[in-house]
Amino acid sequence: ERNFSQADVRRQAIHLYGHGDGGGGPTVDMIERARRVADTDGLPHVELVTASKAFERLMDEGDPAELPVWVGELYLELHRGTYTTQGAVKKANRRLELALRDAELWALEARRLAGRTVPATELDQAWKTLLLHQFHDIIPGSSIHWVYEDTAADHQHVADTTERIIDESLEAIAAATDVAHMARPVLVANSLPFERREVVDVDGELRMLTAPPVGWSVVDLGDPDPADAPPVRAGDGFMDNGVVRIEWDEQGLLSAVRHLASGRDALPDGARANLLQLLDDHPQHWDAWDIDADALEGAVDLTMLDRLELVEVDEQRATVRICRSFGSSHIEQLVQLTRGSGRVEIHCAVDWHETHKLLKVAFPVDVRAATARHEIQFGHVERPTHTNTSWDAARFETCAHTW
């Protein structure tokens with residue numbers, strides 16, 4: 001009663017209960033205890049109801065306008081390490097959420113066009129498997145090693161299922177499409193809600209292809225590639241596609257990311273981007289759960305190079321490979337610029353063998369903004385970029401999905 005009382009001393013309060021702190025169901029003893037204190041003098045009266053019923057009663061009790069209102073996210077100033085610990089699990093979870101959505105999308109389209117049966121049972125089981133591994137000690141990275149062996153195996157099973165359903169569905173769509181007049185037809189599918197025009201690798205051939213939003217198109221590779229964007233150029237320390245020019249120094253760090261039409265450089269004068277930094281990770285409490293603020297103070301810049309080479313120069317795409325070693329670990333980065341794109345892509349593969357260390361990558365940008373927007377599950381959340389108040393300073397670690 002003391003712990004769950006409200007400031008306005010309402011007559012009712014909600015208390016979640018169950019076995020353990022992981023959402024376990026009630027035990028027999030808990031049910032019996034609730035029955036005994038349902039109407040006992042000297043104790044709060046207890047009634048077992050659904051969450052929706054409990055909230056309805058709270059709203060009916062007094063004036064709803066008097067209830068406190070909070071706008072924005074509820075940031076817990078603790079357990080910040082859960083945003084990054086076991087990053088492979090978080091990455092797989094988000095990718096599989098999107099893959100399952102794509103599998104449902106193309107399966108329904110295959111049913112509409114080709115009469116193919118939607119594999120509802122497989123999709124249902126795949127969703128349940130993925131959701132099981134969103135348990136709160138799995139997805140924050142705070143379980144034991146064996147758990148993540150099981151999680152990796154189950155994630156792979158879901159990945160195999162979604163990949164197969166997507167492939168079979170798109171093959172059914174392709175088979176139902178008339179391509180008799182085409183020399184080299186290829187189906188280009190796009191599950192995102194906006195048109196995409198991008199360079200695509202088709203059996204080793206780079207082509208600029210277009211697909212409509214949440215749909216597909218058929219392109220004849222026998223037709224000439226429409227040259228409606230300047231080709232990519234690359235040389236010693238630079239890439240340029242007519243939209244963006246990027247430059248790197250002898251350490252492989254980006255020294256310029258310049259928008260050519262405006263002449264504006266995204267990096268501040270003298271700054272270097274794509275800078276890997278190694279930090280000590282010795283939290284005062286709960287090793288897998290926390291990152292302490294002082295971990296950010298002793299960052300070691302990883303600038304030593306194993307290899308820096310321009311590995312791809314094509315009118316459609318250029319790629320530079322950057323390899324670094326640190327401790328017992330190794331990282332390989334592919335920095336890419338494609339034709340017509342305003343985006344610099346950096347693909348990282350890290351062979352990690354460190355303990356009590358954090359790896360971060362720094363991208364200082366010459367942008368003045370009081371807030372930044374971060375993608376979350378069903379939208380975005382706006383957070384301050386400064387440390388004006390103690391609340392702002394406390395948010396030195398935040399989570400975001402892809403931006």
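Let's start with the open sheet. Five strands make it up, in the order β5-β6-β7-β8-β9, with antiparallel pairing. Its edge strands are β5, residues 233–235, and β9, and each pairs on one side only. Strands here are DSSP runs of E with at least two residues, helices are runs of H or I with at least four, and both are numbered from the N terminus. Two strands count as paired if DSSP finds at least two bridges between them. Strands of a sheet pair through backbone hydrogen bonds, either parallel or antiparallel.

Gly 235 stands opposite Phe 238 in β6.

A word on the source. This is a predicted model, where local features need pLDDT of at least 70 and side-chain atom pairs count only at pLDDT 80 or more, while totals for chains, interfaces and linings use all residues. Residues are numbered from 1 along each chain as its sequence is written, and side-chain values use heavy atoms, leaving out hydrogens and water.

Now the whole chain. There are six helices and 18 strands. The C-alpha trace spans about 85 × 60 × 45 Å along its principal axes. How many of the 403 residues are buried, as a percentage? The figure is 32%. Buried means under 20% relative accessible area, exposed means over 50%, and partly exposed is in between, with a 1.4 Å probe and protein chains only. Charges next: 40 side chains are positive and 69 are negative. Lys and Arg count as positive, Asp and Glu as negative; His and the chain ends are not counted. The centres of the two sets lie 3 Å apart, taking NZ of Lys, CZ of Arg, CG of Asp or CD of Glu as the place of each charge.

β12 covers residues 307–313. Six bridges join β12 to β13, and the two run antiparallel. Three residues sit between them in a hairpin. Glu 312 stands opposite Thr 319 in β13. Then β13 pairs with β14, residues 329–338, through 10 bridges, again antiparallel. Ile 322 stands opposite Gln 333 in β14. This hairpin has two residues between its strands, and Gly 327 in the turn has a positive phi of about 55 degrees.

Why is β13 described as largely enclosed by the rest of the structure? Because eight of its 10 residues, 317–326, are buried.

Look at Leu 310, in β12. Leu 310 is partly exposed, at 32% relative accessibility. Leaving aside residues up to four places away in sequence, Leu 310 touches Ala 234, Gly 235, Met 239, Trp 248, Thr 319 and Val 320. Contact means heavy atoms within 4.5 Å. Leu 43 is another matter: its C-alpha is separated from that of Leu 310 by 74 Å.

Most residues other than glycine have a negative phi. Asn 274 has a positive phi of about 60 degrees. Asn 274 is in the loop between β9, 264–265, and β10, 275–280. Buried or exposed? Asn 274 is buried, at 1% relative accessibility. Trp 286 also has a positive phi, near 50 degrees. Trp 286 is in the loop between β10 and β11, 300–302. Trp 286 is partly exposed, at 48%.

Last, near the end of the numbering. β17, residues 371–376, and β18, residues 379–384, run antiparallel with six bridges. A hairpin of two residues links them. Ala 372 stands opposite Arg 383 in β18.
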